[in-house]
Amino acid sequence: MLFFTIEHTQEAMNRAWQVIFSELAGAGYQLDETRPILERYMPFMLEKHVCEICLPIQNRI
């Protein structure tokens, strides 16, 4: 699983979803499409106005 921590704002979320897959491929990772992608919002993260997008990784290309 690969974790991206981002600001918990609509703009940051929209931008993350626009670039996250190209960033993943650019770093040499392959998405595991058999497992779900998660957005994680934990209380301590929300206090800092951040959240995570968790991407399942199959392997490194």
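Predicted model: local features only at pLDDT ≥ 70, side-chain atom pairs only at ≥ 80, totals over all residues.
Helices (H or I, at least four residues) and strands (E, at least two) are DSSP runs numbered from the N terminus.

Ala 16 is in contact (heavy atoms within 4.5 Å) with Ile 6 and Ile 53, its neighbours within four places in sequence being left aside.

## Salt bridges

The model has 2 salt bridges, each defined as a side-chain nitrogen of Lys or Arg within 4 Å of a carboxyl oxygen of Asp or Glu. Glu 52 pairs with Arg 40, their closest N and O atoms lying 2.5 Å apart. This pair links distant parts of the chain, 12 residues apart: Glu 52 belongs to strand β4 (residues 50-55) and Arg 40 to strand β3 (residues 38-40). Glu 52 is buried at 12% relative accessibility, whereas Arg 40 is partly exposed at 30%.

The side chains of Asp 32 and Arg 35 form a salt bridge at 3.8 Å, N to O. Asp 32 is buried, with a relative accessible area of 10%; Arg 35 is partly exposed at 37%. Buried denotes under 20% relative accessible area, exposed over 50%, and partly exposed in between (1.4 Å probe, protein chains only).

## Basis of the values

Local features need pLDDT of at least 70 and side-chain atom pairs count only at pLDDT 80 or more, while totals for chains, interfaces and linings use all residues. Residues are numbered from 1 along each chain as its sequence is written, and side-chain values use heavy atoms, with hydrogens and water left out.
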